[in-house]
Amino acid sequence: MKRALALAVLVLAAAVLVFGATHYDPRRPRPEGWEAPWRALPLEPETSWAPDALKRGVVQRLFAQATDELTECSQEYFRAKVADVVPLELLLEAGAEGVRLAYVVTPPRADLPAGLLPCLERAIEKSKPVAGPGLAPGTRWRLGLSFLLNPVSDLPSPPWWERFVPASWRSGGSSGIHVG
């Protein structure tokens, strides 16, 4: 009996660790002075870069990779009945493997749930480099983007099992021990 209980506790602990390791991914670390070279670039508003097929295509492919995680961020944190817009700065850099998203910068917003903006940053920054034909390695862009946060009615339903998880255990809950 003790052996079975010990084995059950061990399996449960391993499951929690695996779940935590696969679902928690902190924001990409920002080294000291990371912002200076990017601030030297002009911030291109969406109205100026969106007509450019190359830049528009790169951004669309990066966001296509992040769609599922962006939806999860909205389901977990943004449960509003009306849409909202969050301005983002996309810091993109061309390399040998393609155009990668170096960083996403969001201005602080006190009116949004605390974990929403870091979740959006993490989701978008996880994207893999995409093709940027004809770009010299080292080419950098600083693009402004208005990101629409859809109301809860427009989002797909969260997984069925989530209704059994107490709200205080979720990232958007009020648990004092929540880290993410």
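Which residues are linked with Arg39 in a network of salt bridges? The network joins Glu35, Arg39, Glu89 and Arg142. Keep in mind that this is a predicted model, where local features need pLDDT of at least 70, side-chain atom pairs count only at pLDDT 80 or more, and totals for chains, interfaces and linings use all residues. Residues are numbered from 1 along each chain as its sequence is written, and side-chain values use heavy atoms, with hydrogens and water left out.

First, the salt bridges. The term covers a side-chain nitrogen of Lys or Arg within 4 Å of a carboxyl oxygen of Asp or Glu. Side chains of opposite charge can pair when their charged atoms come close. The structure holds nine such bridges, and here are some of them:

| Pair | N to O distance |
|---|---|
| Arg39 and Glu35 | 2.8 Å |
| Arg39 and Glu89 | 3.0 Å |
| Arg109 and Asp84 | 2.7 Å |

Let's start with Arg39 and Glu35. Both sit in helix H2 (residues 35-39), and because they are four residues apart there, about one helical turn separates them. (Helices are DSSP runs of H or I with at least four residues, strands are E runs of at least two, and both are numbered from the N terminus.) Arg39 has a relative accessible area of 37%, so it is partly exposed, and Glu35 is partly exposed too, at 31%. For the cut-offs, buried means under 20% relative accessible area, exposed means over 50%, and partly exposed is in between, using a 1.4 Å probe and protein chains only.

Arg39 also pairs with Glu89, at 3.0 Å from N to O. Since Arg39 lies in helix H2 and Glu89 in strand S1 (residues 84-95), this pair ties together parts that are 50 residues apart in sequence. Glu89 is buried, at 15% relative accessibility.

Arg109 is in the loop between strand S2 (98-105) and helix H5 (116-125) while Asp84 is in strand S1, so the pair ties together parts 25 residues apart in sequence. Arg109 is partly exposed at 22%, and Asp84 is partly exposed at 22%.

Now for Ser127. This residue is in the loop between H5 and strand S3 (140-149) and is buried, with a relative accessible area of 10%. The Ser127 side chain reaches the backbone oxygen of Ile124 at 2.8 Å. Leaving aside residues up to four places away in sequence, Ser127 touches Leu62, Gln65 and Leu101, where contact means heavy atoms within 4.5 Å.

Key. A polar contact is a pair of N or O atoms within 3.5 Å; within protein, one must be able to donate a hydrogen and the other to accept it, and residues adjacent in sequence count only if both atoms are side-chain atoms.
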